[in-house]
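Subject: Structure for your review

Dear colleague,

Please find the structure below, followed by an account of what was found in it.

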Amino acid sequence: MNHTRQRHLLPLLNHATLILFALVLAGFGLLSPKFLTAANLSHLLVQASSTAVIGVGVTFVLLTAGVDLSIGSIMFVAAAVAGKLALGGAPLAVTLPAILGVGMVFGALNALLVTRLGILAFIATLGSLYVGRGFGLWLTQTRAMNLPDSFLTLGTVRLVGVPLPLVISGGVVAVAHIVLTRTPFGRQIYAVGNHLAAARKAGLNTRRLLATVYIFSGLCAAIGGILSLAQLGAVSPTFGTNREFTAIAAAVLGGTSLFGGRGGVFPGTVLGAVLIQSVENGLVILNADPYLYPLVTAGIIFLAVLIDSTRSRLMAHWGQRKIFV
Amino acid sequence: MNVAADTGSPSGSSRLTAALRSEYLVLFLCAGLFGGLAPFTPGLASTDNFLGLFGNLAPLLLVALGQTLVLIVGGIDLSVTSIIALTSVVGALVMNRDTGWLAGSGAAAPVAIGVMLVLGGLIGAGNGLAVTKLRMPAFMVTLTALMFFSGLAIWLTQSKNIGNLPTAFTELGSRPALALPLAALIAGLVHLLLERSLYGRWLRACGFNARTAHVSGVPVEAVVIATYVASGVLAAAASVLYTGRLETGSPVLGQRILLDVIGATVLGGTSLFGGKGRVSWTFFGVLFLSLLDNALNLLGLSHFTIMMVKGGVILLAALLDTARTRWFNA
Amino acid sequence: MSPLLQFESVGKAFLGVDVLKAVSFGVAPGRIVGLVGENGAGKSTLMNLLGGNLRPDTGSMQFQGAPYAPRDSRDARRAGIGFVHQELNLFTNLDLAENLFLSDFPTRGGLIRRRELHRRASALLQRVGLGLPTTTVVSRLSTGERQLLEVARALSFDARLLILDEPTTSLSVPERERLFALVRQLRAEGRSLIYISHTLGDVLDLADELVVLRDGAVVGQGPACQFSSDRLVALMVGRELKQLFPQRQRPRLPNSAECLAAPAGLPLLEVRGLGQPGVVQDISFTLHRGEVLGVSGLMGAGRTELARILFGLDPHAAGTMTLAGPPLTGPPRERIRRGLALLTESRRDDGLCLEASVADNLALVTVGRHARSPLGLLRFAGLRAALGKVRAAVRLQPRLTDEQAVQTLSGGNQQKVVLAKWLLAEPQVLLLDEPTRGIDVGAKFEIYQLIHQLADRGAGVVVISSELEELTGLCDRILVMNRGRITGEFSRDNFDSARILQAALPT
Amino acid sequence: MKKLKAYFCRLLAVLALLTLAGCGKSDTGASGAGTSTAVPASGSLTLGVAFETLQTEYWVAGYEAIKAEAAARGFKVVEAVADNDANRQFEQVRSFITRRVDGIILVPKDASTCLPMIKAANAASIPIVLFNRPAAKSEAKSVAVVADNFALTRTTVDYLIGQAKATGGKRKAMVLIGDLGDINAVGRRDGFDAAVKAAGDSLEVVARVPTEWNQEKAQAGVVNALQANPDISFIFTSSDFLLPGIVSALKGAGKYHRVGEAGHVVLGGFDGDATAWQMLKEGYLDATGVQDVYFEAKQSVQAIVDLRAGKPVAEVILDPGFVIHQGNAKEKAAQMWGANVKRK
């Protein structure tokens, strides 16, 4: 009797985030016919693309049992540099690589602090959060910048009918997914997150591995910055603030553990990012009371995490190794 | 690494220096910061400034102490700032002299403080229950609590601040002569709890290894829940001081101090992985960050310079700490 | 023949304490060198030097005729030295194949060639006799299976020298035999091995040459045939140990009728029809006052699981337990109050708080007796007195301070701390799961003595062990478990290793 | 260990560079306040300027205007930004008092949390002027130089509604609301609501987008609202700094047209920043409510000078502000700060 119940429940719980996501979509769809239109869903994905990309970056870091709090600041610095260059007349072909470079340099700074100087990731990236934000504010002199239209076209142009931000984020996700699941480097990330000392003993270059992960996170933050920028067309002094929390929330919603070694970018983090965005999107479409936004968003995220932890609890309960049949 | 089995303890004098270094490094950093900046910083060494500094530090210390307990048990509490905001407006709703439920009553201030502390404790209990009974990750539980209760605070007041609080209440936060001894008393109690009580022993054991603690008969779930409750109550106590000081119940009170709270705690030496932490360490961490902020304000540097210097100094302190651990405990 | 590996007066000190003092010996090609010594004798440090985790202060190493100074484990691996570590270094979130080839996946164009990976992996697993699908995630493996996987991993590349550090602590008898056959086969292929173990019988059986370490120095060295078990023990501890097991006045056996009157033979723990689907089935036995009851069986026979159920850590679907009369129920906390104690299989996972101090670990179970309420202040004088007494009782070396972190202690001392923690609770029934795993001869003897003392005081002791010799030496009665059931019961006067083993083997 | 030391040095160098870069630049802003003595030369005053935030262009412009005004009078300025944190602001005001500045210009977080700060300044007999936001009523003494967010928004929206009515039909409207924890945002929201209410049923508000003063949220919200209600033809933003996101969303939906063109969405804002000026000039923006930053800055500094001289100063100095729109753009341009700040 127990087994039949298991058989029904387990697939449900295994795809909890997916099901909750479907429920959220269905709920909003029922409340407003305008929600489930192709055009709106496409907007939704475009809006989620930036969160998805920075979520992918932080997923890598979380998998190694680290954390990156400097994502928002890196986005800001990258955007500030982009603004400076673009307003100075530099073409996109110069600006874009420069932004990516900025992201990687900041990622490398985190990597240096964490791997070479042995500072806790939390403190190291907290420090870069302040340094990065201050540096960006100095660059912009706390002024807002409006970017030339060439940037906006990045956000609206379509490639074979697919909006460019989706192509970019899709590309990042695909590459990240393949790296995590199909390459030695990806599997080694999981190993490092599971047992760092053992990974070292197994002959892995853990320092280089960790460094790569932080640099990758910086790179993703920069790409995420570009994606946001391409939709906004402007940089304000608050650009990117608190985005690290959204990114971490997306990753954790997608099933990535904060203690390392468990999780993935697809469907995990991507689903988390889209779920967060669909709540925001749906509430706007419903013209909900602005005061309700944080309450509803918090409630749905809580529910998703609750379902996930219930799943692990039941799995642990049911999956207790039977030593004989 | 299993390298130095039974190598015994180092000799007496080197142990002394090692202990000095490990316990008081951050305090030395504070002294260094102060000594280094005082000549260039007008007013840094004045009595007024000290009173102000410790007035600022007191509520931050209370929140950070709650955070210390939670970090020792191996969790994290991101919801403290929302507890500060929510208790601030609820307390103000109870006692303000215009529309409060107890407007004009002499009992308004004590009742309001009681309500604030209980509310903080309840939110903490909610966090604790979700973490233990539902086995949800503390980071996410308290992150959603942060979003939810911040939103709730703003919704409750429809964005408005609630002023005109009873003088009895505002005195508490604004008079250093009241606030400082109170904070010191609470810190002392937490210290006793942590170092000298059964709860403190249990707390550390749960943080080091919850499975061992469970097998050894420690009521792990109760300890964890109690710890989140303590964090909630301490955040509410900080809210009493903050609210009193600003003479206003504000739904965005404390919104920006989260990273300072966790940063100061970890900087002091409390481990994010559980088990390790002390009241004195956290005090040093809070003192360091407050002193840094204070000095940077007094220097009159620009906004972004302050941010960069702050980030740099946090990194430097962490770096010293790491280097010290490597050099002396290698 | 020039040696494959040569240590030349290698020395190493930590914080001014010499851990290795001018150690010199060589390993010839195609030979098995047994390395024995008590915990803390310097074996681990020596192996850490070899593996590149540490660097020698003095002296040098030579490998294949060239100076050998590895900077990290990758260098060791590149040179052709493979390790099977005592503490398992596996990744529980990855599958078997990934664990085996983590640092050299077969790839094409940067991507892992999965089919090739699993083909190679299953070939390797076959060699060590681990018949599991290569896609099994390691977290679902038992300790014994993990140990075999660890061995397989050391074979995943073409190592000239293999170091096996306590590779058999969790293996069943057939698994162990299979491993020994593999070791001999490797030697036949011309590889060299260093075999480290506390199980002296195994070492004498396998090794061609022996090296004995004591206090960081080589105190004995030569062909295996020159050593006997007694001589090895004498060299290791620096004195003559007369016996491996302490003598004891046995209580009368419970199954004879007249013993029921004697207080020592009164039933203490009674288990009737205990069952949990897929774990244990129809377990019934009685533990008497003053009795040491052994539980034997293969890995996965349900022994650890039985102990966990008795202690209230795992649920059970059927049956009852009573302790000195009233039923035994509730969480561990409740059962500890009733006088139950459990020394768990793994010190690291649920036996100790490794980063906490010796004193905190010792006091963990009983600290509540020194406070009026959880928030009340502790009475330190009483606590300190109790700790001092129990430290003396388990003979914890005085040089180990109360403030020292437990993780800096050797395995034997760690186990003494766990045992002492429970002794403080003055338990009526002690459940000991592998109480001497991975600890040295001297400490083992002391732990056996403590078990006897407890029993003499009227407590009942259940000892779960994979070492049959230990059970026959220590216990009054032995239960044998097989696939979750009790399949045999032997009293001391008819202990027969062959028959016990027979009962443990699957039919 | 040698290695460690080397990296230690390397990091120090990096940090030092960063810090130097920051300090070197900041001197232009803070005029080396760190090393100057607190005692001013005769006739020269040191002003403490505490802003709650510099996150929008408006505050930066206000800050620049105060500095320019102070420089013109030969005063020194010490700055502090509280990053939306009332407590931090209190600490900053206290440090001004500790430094013994000659006057404080404060942009408070809100009406009530600034009361203890004013009291502290009163106690130290340092004149304090509130810039752009008033304090709640109390016995504490201060001067407030303010524009009325509610009234000015209402006038602006009234104008917009007039425009909408002129072009006929019943319109669907969207409003972008600021951070609900910010009194200015709430004042502007209430001004908008009051104007809409007065306009009767000619305007239906179908989308209220909470932005938390965050451009990304604003942009996403506008896109989503346009998705839900493609027939929205009236947009009001509580701050001009959100305009770029609106423009990008309108362009995406093919609804970005000049005033007078077919399909034009009536567009209005508040603040009067450079983006708004540009859009006004190009004919895309209908109107924006402008606070007169220069007036407010001049009055603030003057108030401190007067207070120090013991002259009577009104408790509230009102910045009338004005609505700039297609009709009056040229004549009002000189007063609009957004038309005068140099674009970056």
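In chain C of this predicted model, four strands form an open sheet in the order S2-S1-S4-S5, with antiparallel pairing. Strands here are DSSP runs of E with at least two residues, helices are runs of H or I with at least four, and both are numbered from the N terminus; two strands pair if DSSP finds at least two bridges between them. Strand S2 (17-27) and strand S5 (66-67) of chain C each have a single partner strand and stand at the edges, so one side of each is left without a neighbour in the sheet. Strand S1 (residues 5-14) and strand S4 (residues 58-63) of chain C run antiparallel and are joined by 5 bridges. Within this pair, Phe7(C) stands opposite Met61(C) in S4(C). Helix H1 (residues 43-50) of chain C packs on the sheet and touches S1 and S2 of chain C; a contact means that the C-beta atoms of two residues, placed from the backbone, lie within 7 Å. The direction of this helix makes about 65° with that of S2(C), where axes are lines fitted to C-alpha atoms, for helices over the stretch in contact, and angles run from 0 to 180 degrees between N-to-C directions.

Chain C as a whole has 17 helices and 21 strands. Its radius of gyration is 24 Å, close to the 23 Å that the globule rule gives for 507 residues, so chain C is as compact as a globular protein of that length. The radius is taken over C-alpha atoms, and the rule is 2.2 Å times the number of residues to the power 0.38. The C-alpha trace of chain C spans about 70 × 50 × 50 Å along its principal axes.

Turning to the chain pairs, 5 are in contact, and chains B and D share the most contacts. Chains C and D have no contact, and their closest C-alpha atoms lie 13 Å apart. Between chains D and A, the contact takes 38 residues from each chain. On the side of chain D that touches chain A, H7(D) gives the most, with 10 residues.

Residues are numbered from 1 along each chain as its sequence is written, while chains are lettered from A and ligands numbered from 1 in the order in which they are written. As the model is predicted, local features need pLDDT of at least 70 and side-chain atom pairs count only at pLDDT 80 or more, whereas totals for chains, interfaces and linings use all residues.

Yours sincerely
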